[in-house]
Amino acid sequence: MSLLNGQIALVTGASRGIGAAIARHFAALGATVAVNYRANAEAARQTVDAIVEAGGSAQAFQADVSDEAQIRAMVAAVLKAHGRIDTLVVNAGIVRDNLAALMPVAEFDEVLQVNLRGAFLSIREVIPAMMEARSGSILTVSSVNADTGGRGQCNYAASKAGLLAITRSLAIELAPKNIRVNALAPGLISTEMTQHLRELAQDELLRRIPMKRFGTAQEVAQAAAFLVSPMASYITGAVLNVSGGLGLQP
């Protein structure tokens with residue numbers, strides 16, 4: 001398949017979970033993928049190896065997305081290696097769940113540093129190259145929690161709601177340069193990040209999902225591929241829920 005044939009795609013937080021699935025799927029569709037990771041070099045290597053073994057092209061790039069100097073160096077390295085960045089997927093994110101009354105300021109700040117500041121820094125650094133090329137696609141990975149909230153997740157929900165605001169603002173700002181900016185809002189996806197929550201309250205969670213199952217990272221990756229592809233050439237500022245209907249009913 002060649003839906004993304006020839007694209008250079010940078011995916012942040014791509015060593016595991018949704019990010020790894022997006023990286024593998026993009027490569028299967030013809031993209032050359034820059035796999036960003038923060039600390040887990042082995043997981044990033046496994047993602048790259050899986051892509052290469054399947055006949056695709058990928059390379060790992062280390063950077064903490066919340067660190068301005070590291071992001072700048074990583075984007076420069078990707079541009080040096082490939083000459084351009086056609087697609088940026090802003091996926092890196094963390095959770096530090098806690099009740100608000102018990103949440104240390106450090107837990108609130110850490111989530112916003114990675115999920116929101118990291119997204120801004122990643123986007124800001126790729127904009128000049130995309131503007132010079134007068135083309136590009138930026139995809140942020142938000143969450144249904146941006147709209148629905150979640151018990152013990154005031155920090156996470158705030159970061160993901162902020163990410164939607166960034167997405168919509170930049171869609172307006174960058175449209176004249178032929179750069180599209182869209183967002184995904186996954187629901188409960190079967191990944192390592194959600195494992196504890198799924199084990200703790202599986203039956204209750206499934207009752208809230210009209211499709212009565214958890215999503216897969218591959219299903220999120222398929223939606224991501226559509227939004228960054230030429231098939232979505234007239235779509236910008238959109239938020240695509242990948243949630244099995246979570247949030248549609250009380």
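Let's start with helix H6, residues 154-174, which lies across S5, S6 and S7 and runs at about 160 degrees to S6. Keep in mind that this is a predicted model.

## The sheet

What is the order of the strands? The model has an open sheet of seven strands, arranged S3-S2-S1-S4-S5-S6-S7 with parallel pairing. At the edges are strand S3 (57-62) and strand S7 (239-242), each of which pairs on one side only. On average, neighbouring strands are turned by 20 degrees against each other, direction ignored.

You can follow some of these pairings yourself. S1 and S2 are parallel and share four bridges; Leu-10 has Ala-34 in S2 as its bridge partner. Another helix, H4 (residues 105-133), packs on the sheet, where H4 touches S1, strand S4 (87-90), S5 and strand S6 (179-186). The direction of H4 makes about 175 degrees with that of S4.

Is S5 mostly covered or mostly open? S5 is mostly covered, with six of its six residues buried. In a regular strand, side chains alternate between the two faces of the sheet. In S5, Gly-136, Ile-138 and Thr-140 are on one side, while Ser-137, Leu-139 and Val-141 are on the other, and all of them are buried.

S5 also has partners to look for. S4 pairs with S5 in the parallel sense over four bridges, and the bridge partner of Val-89 is Leu-139 in S5. Together, S4, H4 and S5 form a right-handed β-α-β unit. S5 and S6 run parallel as well, joined by six bridges, and here Ile-138 stands opposite Val-181 in S6.

Nonpolar side chains tend to be buried together in soluble globular proteins. In this model, the largest nonpolar core has 33 residues, and those with the most contacts inside it are Ile-22, Phe-26, Val-33, Val-35 and Leu-184. At least two residues of this core come from each of strand S1 (8-11), helix H1 (17-28), strand S2 (32-37), helix H2 (41-53), strand S5 (136-141) and helix H8 (217-228). Which element gives the largest share of this core? That is H8, with eight residues. A second, separate core has 31 residues, including Ile-94, Leu-116, Ile-166 and Leu-174.

Key. Residues numbered from 1 in each chain as written. Predicted model: local features only at pLDDT ≥ 70, side-chain atom pairs only at ≥ 80, totals over all residues. Heavy atoms only, no water. Core = buried A, V, L, I, M, F, W, Y, C linked by side-chain atoms within 4.5 Å. Buried < 20%, exposed > 50% of the residue type's maximum accessible area, 1.4 Å probe, protein only. Pairing = 2+ DSSP bridges. Axes fitted to C-alpha atoms, helices over the stretch in contact; angles between N-to-C directions. Contact = heavy atoms within 4.5 Å. Right-handed = clockwise from strand over helix to strand, strands pointing away.
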